[in-house]
Amino acid sequence: GSEEPILAHGIVEFGGALHFFTRQHCETQKKLGKVLCRGCGYFFGEGGPMRTHVQNATSRCLDLEAAEYYLKASRDEPVPEDAGPEDAVP
């Protein structure tokens with residue numbers, strides 16, 4: 001059978017050091033209600049604490065969080081190809 005990867009994420013820290021996160025560590029933190037900031041490598045509480053961190057952190061943290069947000073699948077209904085302005089929902 002195929003083996004699952006051990007590593008979940010890695011970052012290059014200031015000064016060039018590599019910091020790796022195992023899947024097990026990330027899953028344990030998730031059970032505690034925490035999510036990883038992929039910009040700085042720290043775990044924060046979901047929701048408010050993470051939003052506060054991103055708003056007050058370096059641009060690297062903000063840029064990565066914004067990129068993840070925009071990469072999430074849209075929950076909107078797909079728009080038909082032949083839809084026109086008259087089909088818009090007010």
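Contact means heavy atoms within 4.5 Å. Residues 24 or more positions apart account for 17% of the contacts in the chain with a separation of 6 or more. This is a predicted model, in which local features need pLDDT of at least 70, side-chain atom pairs count only at pLDDT 80 or more, and totals for chains, interfaces and linings use all residues. Residues are numbered from 1 along each chain as its sequence is written, and side-chain values use heavy atoms, with hydrogens and water left out.

**Overall architecture**

- The chain contains three helices and four strands; helices (H or I, at least four residues) and strands (E, at least two) are DSSP runs, numbered from the N terminus.
- Read from the N terminus, the order of elements is β-β-α-β-β-α-α.

**Surface and burial**

- The chain has an accessible surface of about 7700 Å², and 55% of this belongs to carbon and sulfur atoms; such areas come from the Shrake-Rupley method with a 1.4 Å probe, and for residues only the protein chains shown count as cover.
- Of the 90 residues of the chain, 16% count as buried, where buried means under 20% relative accessible area and exposed over 50%, with partly exposed in between (1.4 Å probe, protein chains only).

**Residue Q29**

- Q29 belongs to helix 1, which covers residues 23-31.
- Q29 counts as buried because its relative accessibility is 14%.
- Leaving aside residues up to four places away in sequence, Q29 touches K34 and F43.

**Residue L18**

- L18 is part of strand 2 (residues 18-22).
- With a relative accessible area of 56%, L18 is exposed.
- Residues up to four places away in sequence not being counted, L18 touches I11 and V12.
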